[in-house]
Amino acid sequence: MFCEVSVTERVKEIERSIIKKFRKSIWNKFCGALNEYQLINEGDKVAVCISGGKDSVILAKCIQELHRHSEIPFEVTYICMDPGYREDNRKLLEENIKLLELPVEIFESSIFDIVNTVDGSPCYLCARMRRGALYAKAQSLGCNKIALGHHFDDVIETVLMSMMYSSEIKTMLPKLHSTNFENMELIRPLYKVKEKDIIAWANYNKLNFLQCACRFTEDSEIYEGLSKRREIKNLIKDIKKINPAVDDNVFRSLHNVNLSQIVGWRDADKGELHSFLEKY
């Protein structure tokens, strides 16, 4: 057929779209985060963690492109943990990996079976267990960093959730040292990339990714309405109708904290609480 497009041609078109059509909204912001926060350095071996969702896949393609052309020598490997996906979700994951020509190593775990036995929402436990499994796998492969697909929206939603539900101001950092795996770091190269632009990229290329393959959320009709992150996402969406720059302002505020106007703070390393009265 004259109109058929080969798999190789299709993936090249998808890759070109990242550095051409979405250069300003995705590629430049990806590179900007790498440079500003010093996320990848010479000699690093980075494990890119792929869940099968849009965020982790665009991250993988960006790092793949960077690795091909970067003047800074570093190694990269691509890993994906199957925590117990349903057969149709596993099939979609494998099809996308093949289509996008990502050399991914998939390894199995029984995390979904374990967390589905706990009472209430298992999300926190699941996230901790999945991250631990990824750290362990990456470390076994000789990596010193894992890269996750958290983006701009995740950052500001996490900050607001922390304030409104945990009574503290706590940010999602662009990178952090692991407390349980020696000499390992977690990096977030999509820190400045907005979710709407990732969605636009996926739609432009007619790509279909896993949404949330968790058994708990798939089986719970009311879970979506109970999700605190969904509540915050909707809140930001509503405020943007009045102030379109509200998300950018929240993000910039994380880099512009006026310490002289903070009432109290906690030194997490020493476990000490401090008050503005100490220097009043």
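**Exercise 1.** Is Y204 exposed, partly exposed or buried?

*Solution.* The model is predicted; local features need pLDDT of at least 70, side-chain atom pairs count only at pLDDT 80 or more, and totals for chains, interfaces and linings use all residues. Residues are numbered from 1 along each chain as its sequence is written, and side-chain values use heavy atoms, with hydrogens and water left out. Buried means under 20% relative accessible area, exposed over 50%, and partly exposed in between (1.4 Å probe, protein chains only). Y204 has a relative accessibility of 45%, so Y204 is partly exposed. F22, at 6%, is buried.

**Exercise 2.** Determine how the rings of F22 and Y204 are arranged.

*Solution.* Rings of Phe, Tyr and Trp (its six-membered ring) pair if their centres lie within 6.5 Å; planes under 30 degrees apart are stacked, over 60 edge-to-face, and the rest tilted. The search of the whole structure finds 8 aromatic pairs. Among them, F22 and Y204 are 5.7 Å apart centre to centre, with 75° between the planes, which is edge-to-face.

**Exercise 3.** Identify the cluster that contains Y37.

*Solution.* Ring pairs link Y37 with F152, Y191 and F251. Both Y37 and Y191 are buried.

**Exercise 4.** Which charged ends sit over the rings of F152 and Y165?

*Solution.* A charge sits over a ring if NZ of Lys or CZ of Arg is within 6 Å of the ring centre and within 35 degrees of the ring normal. Over F152 lies the charged end of K194, 5.1 Å from the ring centre. Over Y165 lies that of K228, at 5.5 Å from the centre.
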